[in-house]
Amino acid sequence: MAAPAAPAAPDEPAAPPAPAATQAAPRPKAVARHTATRAMLIAALAGAVGAGSYGLVAGDAGGDTESAAETQTVEKAPSFTTADQGSCLTWQVAEDGTISSFEQADCAAPHRFEVSLREDLGTYPTSEFGPDAPMPNQTRQAQLREELCGAGTVRYLGGKYDPNGRYSIAPILPPASAWADGDRTMLCGLQETDRAGEPVLTTGKVADQDQARLFDPGQCLAVDSANSLSPTDCGQPHQMEVTAQVDLAPVFADHTPSVEEQDGYLGNVCTTAAQEYLGGEENLYRIALQPFWTTPGSYTHLTPPATLRAEDAAVSLVCY
C-alpha cells in the first residue's frame with residue numbers, strides 16, 4: 001500500500017562502478033487502469049554500442065591506412081584473471097572497503113559477479129588506453145559499461161534481462177599494478193547490489209533466476225534520493241508496505257499477457273490482498289492508502305516476444 005509521496009586497493013581489481021539505481025520506485029497504479037512505467041537501470045542499455053559496434057569501427061579503420069595508423073594496440077601483458085564468459089567471481093571486502101582474495105568461484109556457490117563477456121581495451125580503436133594511459137575513472141567506467149557491456153550482456157542472457165530487477169550490469173578492471181604493466185583486460189558481467197551499490201553474495205547463474213526484485217509481505221520500503229527502493233523499519237518514514245507476492249507464470253501460462261491483461265488480473269488480486277492484510281474491506285477504505293502494483297514488462301523490448309515463463313527474466317511481482 002502506498003502513502004501519499006512526501007514533499008581499490010592497489011593490488012586488487014578495480015571495483016565495479018555503482019549502478020545508476022538499484023531499483024526505480026514503482027508508480028501508484030489505480031485499480032481501474034494504470035500506465036506501466038519502469039525506469040531503465042542503465043540509461044543507454046537499449047542503444048548501447050556494444051562490442052559489435054566498436055569492432056565495426058576498428059574494421060572500417062582497417063581499410064583506411066591513415067585511420068589504421070591512428071589505432072594503437074597495447075603490447076600484450078599477462079592478464080590479472082583467466083575468467084571468461086560464464087565464469088563467476090568472488091572476493092572479500094573489509095570494513096574499510098578494501099578488496100582482497102579476488103578469485104573464481106563455482107557459480108552454484110556464493111559469488112559476487114558473473115562474467116558475461118571479456119574485452120581487451122588495448123584493441124579499442126583510439127589511443128585512449130595506450131601503454132601510458134591512466135586507468136579509467138568511475139565516470140569513464142560507467143560509460144564503458146554502456147558502450148561495451150550492455151548489449152553483449154543482454155545477448156549473453158539470450159535477450160532476457162530485467163533492467164529494473166535484481167541484477168545490474170558492471171565492468172571490472174585490472175588492479176592498478178597490472179594496468180601499469182599493460183594489462184587492458186575488462187570483464188563485463190552481472191551483480192546484485194545492496195542499497196549502497198556494493199555487490200552482495202548470490203548463488204546460481206543469472207539466466208536460471210527469476211530476476212524480479214521481490215520483498216516479503218509486511219516489509220516497508222523507502223525510496224531514497226536516487227529513486228532506489230529498499231526495505232526499512234516500518235517505524236521510520238516510508239512510502240510503501242508490501243501486502244503480497246504474486247507469481248504470474250501459472251496465470252498466463254499459454255501466452256504473453258499485455259499490460260492491460262496484467263492490470264485486469266492484478267487489480268482484483270492486489271485489492272483483495274490489501275483488504276486481507278488490513279483485516280477487511282472496510283479497514284482499507286477508511287484509510288488514505290491505495291493498493292497498487294508493478295508489472296514485469298520493462299524487459300520486453302529486448303526480445304520479441306517476451307514471455308512470462310519461469311526461465312525468463314521476471315515473472316513475479318509484489319502488491320503494495
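User: Why does Cys220 count as buried?

Analyst: This is a predicted model. In it, Cys220 has a relative accessibility of 1%. Buried means under 20%, so Cys220 counts as buried.

User: What makes Cys220 and Cys234 a disulfide?

Analyst: Their sulfur atoms are 1.9 Å apart. The cut-off is a pair of cysteine sulfur atoms within 2.5 Å, so Cys220 and Cys234 form a disulfide. With 100 degrees about the S-S bond, this link is right-handed. The pair links distant parts of the chain: Cys220 is in strand E6 (residues 220-223), while Cys234 is in the loop between strand E7 (229-232) and strand E8 (240-241), 14 residues apart.

User: Is Cys234 buried or exposed, or in between, and how do you know?

Analyst: Cys234 has a relative accessibility of 38%. Buried is under 20% and exposed is over 50%. The value lies in between, so Cys234 counts as partly exposed.

User: How many disulfides are there, and what kind of bond is a disulfide?

Analyst: The count comes to 3 disulfides. A disulfide is a covalent bond between the sulfur atoms of two cysteines.

User: How do you know that Cys88 and Cys107 form a disulfide?

Analyst: The sulfur atoms of Cys88 and Cys107 are 2.0 Å apart. The limit is 2.5 Å, so the two form a disulfide. The torsion of 105 degrees about the S-S bond goes with a right-handed link.

User: Which parts of the chain does the pair of Cys88 and Cys107 tie together?

Analyst: Cys88 lies in strand E1 (residues 88-93) and Cys107 in the loop between strand E2 (99-105) and E3, so the pair ties together parts that are 19 residues apart in sequence.

User: Why are Cys88 and Cys107 called buried?

Analyst: The relative accessible area of Cys88 is 1%, and Cys107 has 10% relative accessibility. Buried means under 20%, so Cys88 is buried and Cys107 counts as buried.

User: Why is the disulfide of Cys149 and Cys188 left-handed?

Analyst: The sulfur atoms of Cys149 and Cys188 are joined at 2.0 Å. The torsion about their S-S bond is about -65 degrees, so the disulfide is left-handed. Cys149 lies in helix H3 and Cys188 in strand E5, so the pair ties together parts that are 39 residues apart in sequence. Cys149 and Cys188 are buried.

User: What makes Phe129 and Trp179 an aromatic pair, and why is the pair called edge-to-face?

Analyst: The count comes to 5 aromatic pairs. In the pair of Phe129 and Trp179, the ring centres are 6.3 Å apart and the planes are at 85 degrees. Rings pair if their centres lie within 6.5 Å, and planes over 60 degrees apart count as edge-to-face. Both conditions hold, so the two rings form an edge-to-face pair. The pair links distant parts of the chain: Phe129 is in the loop between strand E3 (113-120) and helix H3 (138-156), and Trp179 is in helix H4 (residues 176-180), 50 residues apart. Phe129 and Trp179 are both buried.

User: Why is the pair of Phe252 and Tyr265 called edge-to-face?

Analyst: Its planes are 80 degrees apart, and its centres 6.1 Å apart. Phe252 is in the loop between strand E9 (244-247) and helix H5 (259-278), while Tyr265 is in helix H5, 13 residues apart. Phe252 is buried at a relative accessible area of 9%, whereas Tyr265 is partly exposed at 30%.

User: How do you know that the charged end of Arg184 sits over the ring of Trp179?

Analyst: The charged end of Arg184 is 3.9 Å from the centre of the ring of Trp179. The distance cut-off is 6 Å, and 3.9 Å is within it. The rule also asks for an angle within 35 degrees of the ring normal. The charged end of Arg184 is listed as sitting over the ring.

User: Why does Ser101 count as partly exposed?

Analyst: Ser101 has 43% relative accessibility. Ser101 is found in strand E2, and has a positive phi of about 55 degrees although it is not a glycine.

How values were computed:
Residues are numbered from 1 along each chain as its sequence is written. This is a predicted model: local features need pLDDT of at least 70, side-chain atom pairs count only at pLDDT 80 or more; totals for chains, interfaces and linings use all residues. Side-chain values use heavy atoms; hydrogens and water are left out. Rings of Phe, Tyr and Trp (its six-membered ring) pair if their centres lie within 6.5 Å; planes under 30 degrees apart count as stacked, over 60 as edge-to-face and the rest as tilted. Helices (H or I, at least four residues) and strands (E, at least two) are DSSP runs, numbered from the N terminus. Buried means under 20% relative accessible area, exposed over 50%, partly exposed in between (1.4 Å probe, protein chains only).
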